[in-house]
Amino acid sequence: MRTLHRTKNLIAVVFVTLIATFMLLPVLVVMAEALTSAEHVAFPPSGLSLKWIERALETEIFTDGIVLSLEVAAGVAIVGGIIGTLAAYAITWHDFRGKNLVETLIVAPLTLPAIGTGIALLSLESMLGLIGKSWVLFMAHLMLSIAFVVRLTGVGLAGIDRNGVVAAATLGARPRTVFWRIMFPQFRGPLVVGCLFAFIISFDEVGISLFLAAPASTTFPVALYSYMLENYDPLVMAAGTLLVLFSIVPILLVQRFVGIARALGLDE
């Protein structure tokens, strides 16, 4: 029995390792190619240099895209955190007519093809005369990302002991005090992780952004995609590396200082 158990564990470890390698190896290759000192894409890189990373940070279409993407993603994380918390609280702690419909509508944008959603939003944007407005891009990203905040925050809210909340209210604590002193500390971790996921989803989003982007509102992934249509050089790899770093740094920070499992309430 013990031998069978060890065999199953070994198979699981090998399987997970293969999957992780399959997913991470292309990313590592791109990052290595971004460090080449050559004037063309080469792997393994012929010499190591940061010149392409520096050049990517000096290229206007990339820097403008990074700034816009950071602004939109930060806004999505903040606004999504507020709205997502309210929605998760209503769904988790209350029963009301149309509750199932609300849950379905929140998740619906994740189930629709990005191209179809982008075309629909572009048509609506054109009808209303809002072509090129950055706030339309923000609303689209918020619609796409808020489901993660609602779901993850809902997990934290569902784990709160309602007896403690009732006891605090019975002893005279005001609703505001009950929320901030009793409830918020218990779902703060999942809320932070949900906001980080919303940030990453927004920063990386390209399918919908391709249809809503304009010369004055081009996100970093769209700028990179547009550049790749006409060029294939180490600058592409450098910009791709920056995109990866902007995406993984928030998760690494949470894992380093809090721990994903602990933030989600999975680490007992």
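Trainee: How many helices and how many strands does the protein chain have?

Mentor: Please keep in mind that this is a predicted model. Read along the sequence, the pattern of the protein chain is α-α-α-α-α-α-α-α-α-α-α-α. The count for the protein chain is therefore 12 helices and 0 strands.

Trainee: What percentage of the 268 residues in the protein chain is buried?

Mentor: A residue counts as buried when its relative accessible area is under 20%. Among the 268 residues of the protein chain, the buried share is 38%.

Trainee: Among contacts between residues at least 6 apart in sequence, what percentage joins residues at least 24 apart?

Mentor: The C-alpha trace of the protein chain spans about 70 × 65 × 30 Å along its principal axes. Within the protein chain, contacts between residues at least 6 apart in sequence can be sorted by whether they join residues at least 24 apart, and the share that does so is 69%.

Trainee: How are H3 and H10 oriented to each other, roughly parallel or roughly antiparallel?

Mentor: Two packed helices are described by the angle between their axes and the distance between the axes. For H3 and H10, the angle is about 155 degrees and the axes are 7 Å apart. Angles over 145 degrees count as roughly antiparallel. H3 and H10 are therefore roughly antiparallel.

Trainee: Which residues of H10 make the contact with H3?

Mentor: On the side of H3, the contact is made by Ile61, Phe62, Gly65, Ile66 and Ser69. Phe62 touches Phe220, Ala223, Leu224 and Tyr227, among others, when residues up to four places away in sequence are not counted. The residues of H10 that make the contact with H3 are Phe220, Pro221, Ala223, Leu224 and Tyr227.

Trainee: Is Leu224 buried or exposed?

Mentor: Leu224 is found in helix H10. Not counting residues up to four places away in sequence, Leu224 touches Phe62, Val236, Ala239, Gly240 and Leu243. Its relative accessibility is 8%, so Leu224 counts as buried.

Trainee: Is Glu58 buried or exposed?

Mentor: Glu58 is found in helix H2. The C-alpha atoms of Glu58 and Ala238 are separated by 12 Å, although these residues are 180 residues apart along the chain. Exposed means over 50% relative accessible area. Glu58 has a relative accessibility of 65%, so this residue is exposed.

Trainee: How far are the C-alpha atoms of Gly164 and Leu112 separated, and what is the distance in Å?

Mentor: Gly164 has its place in helix H7, and at 30% relative accessibility Gly164 counts as partly exposed. Gly164 and Leu112 are 52 residues apart along the chain, and their C-alpha atoms are separated by 40 Å.

Trainee: What kind of aromatic pair do Tyr89 and Trp93 form?

Mentor: The structure holds 12 aromatic pairs. The centres of the Tyr89 and Trp93 rings are 6.1 Å apart, with 20 degrees between the planes. Planes under 30 degrees apart count as stacked, so the pair of Tyr89 and Trp93 is stacked.

Trainee: Where do Tyr89 and Trp93 lie?

Mentor: Tyr89 is partly exposed, with a relative accessible area of 29%, whereas Trp93 is buried, at 14%. The two residues are 4 residues apart, about one turn of the helix, and both lie in helix H3.

Trainee: Over the ring of which residue does the charged end of Arg55 sit?

Mentor: The charged end of Arg55 is 4.3 Å from the centre of the ring in question. That ring belongs to Trp52.

How values were computed: Residues are numbered from 1 along each chain as its sequence is written. This is a predicted model: local features need pLDDT of at least 70, side-chain atom pairs count only at pLDDT 80 or more; totals for chains, interfaces and linings use all residues. Side-chain values use heavy atoms; hydrogens and water are left out. Contact means heavy atoms within 4.5 Å. Rings of Phe, Tyr and Trp (its six-membered ring) pair if their centres lie within 6.5 Å; planes under 30 degrees apart count as stacked, over 60 as edge-to-face and the rest as tilted. Buried means under 20% relative accessible area, exposed over 50%, partly exposed in between (1.4 Å probe, protein chains only). A charge sits over a ring if NZ of Lys or CZ of Arg is within 6 Å of the ring centre and within 35 degrees of the ring normal. Axes are lines fitted to C-alpha atoms, for helices over the stretch in contact, and angles run from 0 to 180 degrees between N-to-C directions. Angles under 35 degrees count as roughly parallel, over 145 as roughly antiparallel, 65 to 115 as roughly perpendicular and the rest as oblique.
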